[in-house]
Amino acid sequence: MTTGPIEPMDPDIDESYAEDIDDGPSVEENNGQVARHVGRDMVQNIHNWLWRYQAARELSDAFVRETIENFVRRVYGPGEMSREAAARILREQRHVLLVADPGTGRRTAAVGLLGAAPSPRREIPIDDDEQRILPVDEVPWSSYGRSAYLLTVPPGCRNGRLRELLIAYREIVEKWDSYLVVLVDQKSLERPEDVPGFAVLTVTAPVREELLSRLLDDQRARLDVDTLIRTPPLPAMLEGATPAQIARLSRRIRAAANDPRESLAEIARNSVHAYQNWDEELVAWFEKNVDPRTRLFLITLAFLQGGQATNVLYAMEKLAEKLAEPANVRGGIGTPGIRQLAKNINARIDDEHRIFFTLPSYGVAVLRYVHGDQSKAFRTRLWSWASDLPMRRGGSPNPRIAGQVASAMLAVTLALPVSDAPEVRTLTERWWGYQTLRPLVVGLMTAVAMSPEAGAAMRGRLNQWAVQSGSVPLLCAVAAVCGGALADAYPQAVLTRLNNLAGRGIDAVTDGVVEAVRSLWDRPLHRQATLRRIVDWAAGQDQRHDAGLRALAAISETPGRAGLLLAEMTGDGELQTGLVHAFMLLFAGEGPQGEFREALLRWLDAAAEEPAYEDLITNLMVSAGGTGQGASSRFARMSDLLYDWQPLARDAEAPAARDVRDRFNERLHRANPLAAK
């Protein structure tokens, strides 16, 4: 095997999640599949990755504290400043442009600065689809309040108005008495010193050996880390490595050091082999082992490592059937048995008859190799088989096996040189019909979509599916993903995908969109943007109209929630204009029906408690009723709704509601062009 420097990376990809912090239990640890030493099953493993991505995006206090505690020394400029000295500049001047290229650990350097600012800390979202920073009026500042902000200018941004946009951001942040760190590369902003109001800092990458040493700190009780780092071929691997690559190498070292009997030289060699995905070894292995039974057993174990050896053999024979291999591949006394197969594929069987690879991170390397070496048709059949592995005849799916398959999917997706995840669709369509597997599907899709490695491709695929796919389970899964953690990192992208789903006019998909909207509405950061989008739907005349009405009903399903919705609308002329159009369409037909009719009754209940809401609803109805032809009919339907809400027979027991109804009616009567004559 040749040992060269770590492979180059696309300079426009900013792999920047916590470069100075070990990712903790991962799908790559302990041979790529089984995180035994931390006691987590594979479902928890998926959520562990997702938690790391969320914590990094949310800049939580725990994440910032951990980053600073594990911060590796680097030099801030101008001059040669420590992190503490640079942080003082942020505290004193409040607005900092941190100029550094992607792949240098710049985001960790920015978090190191933000640790000096008071919490809460927020990452300002960008337009992910267009890779641009948002105009300031599209950022929900009122939901954020006083905060310490991080804004990352997309690498290589060519926005000619970038300087003006940054000034506008600084002015808004000043109004909120807040802090702002902007990450920008030199290509995007050639003269950062010309942007007024910002202190300009630069930062170097951390010393590679120091970073690797820090990432392995928790291994020192059983491993001579300092000697290991100097043991060939590890020094050669560190040449030119980025912080994210070093973090990945540290995980390979951790997996290779799982056996305390191994020498440092062997751990170093196996770490490098594992980092390089065992490529040369797998090429040689497949050249030598042409027997389909042995090859299929290798691939099967990559999915099911740690399971009973006989179950792995059974699953392998099912894979042979799926691939239409000859009958002798599927068993017989003349074919290799379990122990011979284990020997042939570098695996061992323990005393409990469980089977494991003997090489670290070998399972994900096998799947990565197969993805690059076989046809698309083969991969499609492979993942179709894998999606069936958790299924039990006449019973609910096996969540442990499903978790292993999902973890294999996540691991291979993050390891592929081309960041894409088409086979996620196979698992989603097969598993969505089982309620017990839906959280795992959502977790997997979200983790891939938030990952630095495959996130951009997956987010693009979510949009492609939302627009083009005819698969209802897949569309429902996309809606569920959009209502979850992905929205906190990419709020505008999520609303774009929900907008496309709402336009499909498929009942089950609309149900999913409404549930996603309900979830977003329950998180104040998303409330304003979500409301604008669903009012736009309700005001339109396409398939989204019904989705908008249903969503408005869902977010005002109790009197208290109805009051919250009306409070958001009070004083917002743009929202009120949109709702006038929605009401005009609504009362032009039969009038409000079903769940939205019930929601309107709750709005009237809220109006009876709060005069401002009474004025709001009255103005909306009068404006909608008197717009265009058919005004009298619309006013009549509005009056009918009022008497359904407060019948004459109940006037004595509800005098306040009676008075509200009468005032409403009086204004409707005066506005009605026929009644006024």
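A charge sits over a ring if NZ of Lys or CZ of Arg is within 6 Å of the ring centre and within 35 degrees of the ring normal. This model is predicted, and Arg-248 meets that definition: its charged end sits over the ring of Tyr-275, 4.2 Å from the centre. Arg-83 does likewise with Phe-71, where the charged end sits over the ring at 5.8 Å from its centre.

**Aromatic pairs**

A search of the whole structure finds 13 aromatic pairs. One of them joins Trp-141 and Tyr-169; the ring centres are 5.8 Å apart and the planes stand at 70°, so the pair is edge-to-face. This pair links distant parts of the chain. Trp-141 belongs to helix H5 (residues 141-144), Tyr-169 to helix H6, and 28 residues separate them. Trp-285 and Phe-286 also form an edge-to-face pair, with 5.0 Å from centre to centre and 75° between the planes.

Which residues do ring pairs link into a cluster? They are Trp-141, Tyr-144, Tyr-149 and Tyr-169.

The table gives the value for each residue.

| Residue | Relative accessible area | State |
|---|---|---|
| Trp-141 | 7% | buried |
| Tyr-169 | 0% | buried |
| Trp-285 | 8% | buried |
| Phe-286 | 8% | buried |

Tyr-169 counts as buried because its relative accessibility is 0%. Trp-141, at 7%, is buried as well.

**Leu-162 in helix H6**

Helix H6 covers residues 162-175, and Leu-162 lies in it. Why does Leu-162 count as buried? Its relative accessibility is 2%, and buried means under 20%.

What does Leu-162 touch, leaving aside its neighbours within four places in sequence? Its contacts are Ile-133, Val-153, Ser-188 and Leu-189. Take Ile-133. It stands 29 residues from Leu-162 along the chain, yet the two C-alpha atoms are separated by 8.6 Å.

**Helix H4**

Helix H4 spans residues 106-114. How many of its nine residues are buried? The count is nine of nine, and the helix is mostly covered.

Terms used:
Residues numbered from 1 in each chain as written. Predicted model: local features only at pLDDT ≥ 70, side-chain atom pairs only at ≥ 80, totals over all residues. Heavy atoms only, no water. Helix = DSSP H or I, 4+ residues; strand = E, 2+ residues; numbered from the N terminus. Buried < 20%, exposed > 50% of the residue type's maximum accessible area, 1.4 Å probe, protein only. Contact = heavy atoms within 4.5 Å. Phe/Tyr/Trp six-rings, centres within 6.5 Å; stacked < 30°, edge-to-face > 60°.
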